[in-house]
Number of protein chains: 2
Amino acid sequence: MKQLVFLLLLICTTGLVQGRIRHYKWEVKYEYKSPDCTKKLSITINGRSPGPTIIAQQGDTIIVELTNSLGTENLAVHWHGIRQIGTPWSDGTEGITQCPILPGDTFTYRFVVDRPGTYMYHAHYGMQKLAGLYGSIRVSLPDGVSEPFFYDHDRSLILNDWYHKSTYEMAAGLSSIPFVWVGEPQSLLIQGRGWFNCSLLTSPSLEPGVCNATNPECSPYFLTVIPGKTYRLRLTSITSLSALSFQIEGHNMTVVETDGHYVKPFTVKNLFIYSGETYSVLVKADQDPTRNYWMETSVVSRKPTTPPGLAYLNYYPNHPHRQPPTSPPANPIWNDTEPRMNQSLAIKAREDYIHPPPITSDRVIVLLNTQNRVNGRVRWSVNNVSLTLPKTPYLIALKEARGDLHNFFDQNPPPERYNFAAYDIFSNATNHNATTSDAIYRLKFNTTVDIILQNANTMTVNNSETHPWHLHGHDFWVLGYGKGKFNINTDPARYNLVDPIMKNTVPVHPYGWTALRFVADNPGTWAFHCHIDSHFYMGMGVVFEEGIEMVGKLPSQIMGCGITKGFRRL
Amino acid sequence: MKQLVFLLLLICTTGLVQGRIRHYKWEVKYEYKSPDCTKKLSITINGRSPGPTIIAQQGDTIIVELTNSLGTENLAVHWHGIRQIGTPWSDGTEGITQCPILPGDTFTYRFVVDRPGTYMYHAHYGMQKLAGLYGSIRVSLPDGVSEPFFYDHDRSLILNDWYHKSTYEMAAGLSSIPFVWVGEPQSLLIQGRGWFNCSLLTSPSLEPGVCNATNPECSPYFLTVIPGKTYRLRLTSITSLSALSFQIEGHNMTVVETDGHYVKPFTVKNLFIYSGETYSVLVKADQDPTRNYWMETSVVSRKPTTPPGLAYLNYYPNHPHRQPPTSPPANPIWNDTEPRMNQSLAIKAREDYIHPPPITSDRVIVLLNTQNRVNGRVRWSVNNVSLTLPKTPYLIALKEARGDLHNFFDQNPPPERYNFAAYDIFSNATNHNATTSDAIYRLKFNTTVDIILQNANTMTVNNSETHPWHLHGHDFWVLGYGKGKFNINTDPARYNLVDPIMKNTVPVHPYGWTALRFVADNPGTWAFHCHIDSHFYMGMGVVFEEGIEMVGKLPSQIMGCGITKGFRRL
């Protein structure tokens, strides 16, 4: 009864009285899975990895009762792309919006999906996402409203990279001295299925049958299409490390949506997609219908040692397991940044669906991403600050601390920019003055904020990487991309203020910059970070706060850590 | 300053004003270790497994500031054999006396070691102990007081069994349908070192160098002795599964202490030792001093597939790595229960150190241990009840719940005994009416309680196992052991009320019973359970409460789960 009242209140306060309630009960536990033919203890939801797809309609309320059956490990799940308006405590970011969910506990995430589009969910605690806790969210338009493009069928494909080591092993390496890098993934997965070449296992072990190429769990995923029909393919990348290219042999793809926003259509042979991004592409089944075709993902931006991920586009009525008669198509050259930059520049808002950005901003924050050694460990830093999370999540500390906030996290704001003149982004990162800190950026409510993400050379000579940055709680306008060092005096003149796309995740290209704008209009505390798990783990992120005084009463279920080890207020 | 005041208070209230404060700062994290030549991600304390030995004197206050750096996994550490008088919240049993310690948190265990003797510590959360978090506690007599036996030197040896799989893999097997048993351990460790035969690795894997027989981490442990001297060897078993025999080639051992109590001395060639037990034995270095000798542990009670664990007794000045010229001595026959029962019967209190037990008891609880299938999973049950732990630890619920205790755990007391007449302990466990429950036994304060542990056949034909049961918060008198079914009318007449040993851990032999008596004089909530990790995980335990109203104010640091997700009371 109480629950019902709460829901009704929720629906009323968001004004979405037409929304339905979609109620899920999920049990999260460890189970052996062989997504790439190799047995690995994976985190599953109701026995599955990827987890169930949430299919909802704009305005619906999603309720996920999540039971942690991981034994001794905690849990938190983020609903990536959902802005959590009015429900910042449901964002699922451990250390920022909630304490972790303890083993044995059931945590109820409740939120409204207020916009149509393609989203995802995944663990947001340490590097837990790598163990397999992820899935798709697909939100359709209200009844009677149509998409501005035509398709016959709607399908979701989630792309991932996959490691054979446990999250614990990978995290232990990253936090040890000497530092041990996680390395390249063993395989690429399409909709949870990949293929690892068992003959690469050359060292001895105790356990027989770990790799089994004939395991049906790793038979290639197939997507069946009816000749002549047009498919909306919702592509999501949830990779831990890899930037991907995706293509379908012999078929063009027309990009029409990204991160819940309509794109001015453009056609590609292959789509570059970064971790945390979603795209809808239209694909017409207009090729020779007597055969199947390859769907293929491959690694770009890092020198690939991981073989491409393969699946079948199955033309009905061919057998879905029939291998295409051709070899998989060639993939883009991994270190050619040009076509990737070009794709980024091609993504603009669709006519009639343009949300014009504010013409000016109130605050400009320039964030330099560098790799440094801090206390003997390799860390990523933002303006020389490597993020650590406090014991009491920011949302709780800011909302409820009666004492001095200094007791909870560093109250000195992190730097607004770096020393443009002094720092050479093309040289090896050698500055040794980076520090760890849990300081955050506090934004004035309803102000417009520009963020310029500046990429640089890593600690390796002639190396700069691609970082997909994801903002929680907001979409931002993508005002521009550039090569080299951002010039705060001249580059803003090149911003696209006419038809910039809105997104929640955006790549920063090697040695390049990306400029974003958003309005700080969502009360809460919000992570903004590189979506590469190991990079965020190594400190590559910042946190924003805005309108904390407008946040409602925090639910007790988000508590239990830091200052909130005590009795519930009655 | 606050801390100091607290300590002084603690010392004053326990009356042990002479005690020193021994302050430890421990960081617990995952690191690769190769205790048996095979690389495994292990839980270490300050980089070590076994962790540091706590060496203290009777009356000292131990303070361990324990920082959880396990990333996403919680933690709790139990101080096994320490009664925690006045500090029941420091017992370290997750779900019973505290909420688990979250990653990033520092928990301060504070307790007084009020009696001399040999104790241990280990993780007490899920099956976490298997990952390597364990160590020794050695408490010496006050200045001016002597042991009733002579020795020149005092040494600790901790015995363990070791698995190559992670705790997560083992726990996943035990809680999956179909049930997957953990199997026999890969090796036996003496003081954290063992040996695994790398050539047994016959299946392929990706990672080279996992097994390396020349790794110095797994070179045999050696204990150096000076010819002619007498050594007190403090032996501790912390095994996850195995009952052990321990022997030193060519040397007799005189048993003088167990679990902190002096034993009427008796001499053995090999000592049987069960998980959770400690023994002090006296060994004289009186053999040919020109060579070294084998120290050896082997598995008994279960058909051993694990090779014996070996170490060297190094006679100074021989080279400590010089292998003994002989083969390791033969070990006891694994399934011969007789000598093990005889050893149990031989252990009596030493003259002049006898604590006479109360002649009668106020309550007799008979606990039948059976294996059953509950909801499709194999479980261990006690009088048909398989223990599960509640979300709010008993200590917190009982002490602080203002509402109805029914909301916290099952208020129907578990059964005092089983149906003696109807249950055939020699038949396959086929009763399907076992249930899981978090009900506990509530004991009247200061009453005398008898516990009879009754063993039975497992679900396997002609199989009954050895279960070492450990009681928290108390020592008990061991009144007797018997074969077959305990007869409540006749067997009590055979109890040893003259010189029974006091212990905290005691074996229940196959198809046998063990009778204990203790006084419920320690306010708190106390686990009593089989010390085999997988058995306790599968429900083989009970919980006692006594004098809860006399427990002082609970520290906020034990909170954070169940009803205690809220703000600290000011």
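A salt bridge joins the side chains of A:K565 and B:D105, with N and O 2.4 Å apart. Here a salt bridge is a side-chain nitrogen of Lys or Arg within 4 Å of a carboxyl oxygen of Asp or Glu. This is a predicted model: local features need pLDDT of at least 70, side-chain atom pairs count only at pLDDT 80 or more, and totals for chains, interfaces and linings use all residues. Residues are numbered from 1 along each chain as its sequence is written, chains are lettered from A and ligands numbered from 1 in the order in which they are written, and side-chain values use heavy atoms, with hydrogens and water left out.

Stay with the two chains. Between chain A and chain B there are 4 salt bridges. Polar contacts link 24 residue pairs across chain A and chain B, both residues at pLDDT 80 or more. A polar contact is a pair of N or O atoms within 3.5 Å; within protein, one must be able to donate a hydrogen and the other to accept it, and residues adjacent in sequence count only if both atoms are side-chain atoms. On chain A, the elements that give two or more residues to the side touching chain B are β1 (21–33), α2 (167–174), β11 (203–205) and α4 (394–400). Helices (H or I, at least four residues) and strands (E, at least two) are DSSP runs, numbered from the N terminus. By class, that side of chain A has 21 nonpolar, 17 polar and 10 charged residues. Ala, Val, Leu, Ile, Met, Phe, Trp, Tyr, Cys and Pro count as nonpolar, Asp, Glu, Lys and Arg as charged, and the others, Gly among them, as polar.

In contacts (heavy atoms within 4.5 Å), 48 residues of chain A meet 48 residues of chain B. The area buried between chain A and chain B is about 4500 Å². Carbon and sulfur atoms give 57% of that area. Buried area is the accessible area (1.4 Å probe) that two parts lose on being put together, summed over both.

Now take A:D105. Its salt-bridge partner is B:K565, and the closest N and O atoms are 2.4 Å apart. A:D105 lies in the loop between β5 (77–80) and β6 (106–113) of chain A, and B:K565 in the segment after β33 (541–546) of chain B, so the pair joins two chains. Both A:D105 and B:K565 are buried. Buried means under 20% relative accessible area, exposed over 50%, partly exposed in between (1.4 Å probe, protein chains only).

Other salt bridges lie within chain A. Over all chains, the structure holds 44 salt bridges. One of them pairs the side chains of A:D60 and A:R22, at 2.5 Å from N to O. A:D60 is in strand β4 (residues 60–69) of chain A and A:R22 in strand β1 of chain A, so the pair ties together parts that are 38 residues apart in sequence. A:D60 is buried, at 1% relative accessible area. A:R22 is partly exposed, at 21%.

A:K503 and A:D259 also meet through their side chains, in a salt bridge of 3.0 Å, N to O. A:K503 lies in strand β29 (residues 502–503) of chain A and A:D259 in the loop between β15 (253–258) and β16 of chain A, so this pair ties together parts that are 244 residues apart in sequence. A:K503 is buried, with a relative accessible area of 1%. A:D259 is buried too, with a value of 1%. Shared partners join A:R83, A:D114, A:R115 and A:D475 into one salt-bridge network.

Next comes helix α3 (residues 338–346) of chain A. Its buried residues are A:R340, A:M341, A:Q343 and A:S344. They cover an arc of only 160° around the axis, which puts them on the same side of α3(A). The arc is that of the directions from the helix axis to the C-beta atoms. Among the elements of chain A that cover these buried residues are β16 (261–268), β17 (270–273), β18 (278–284) and β28 (476–483).

A:T525 sits in strand β32 (residues 524–530) of chain A. A:T525 is buried, at 0% relative accessibility. A:T525 and A:L395 are 130 residues apart in sequence, yet 5.7 Å apart in space, C-alpha to C-alpha. A polar atom of the A:T525 side chain lies 3.3 Å from the backbone oxygen of A:I96.

A:Q454 belongs to strand β26 (residues 448–454) of chain A. A:Q454 is buried, with a relative accessible area of 0%. Its side chain reaches the backbone oxygen of A:G484 at 3.1 Å. A polar atom of that side chain also lies 2.8 Å from the backbone nitrogen of A:F486. Leaving out residues up to four places away in sequence, A:Q454 touches residues including A:L367, A:Y418, A:I425 and A:W513.
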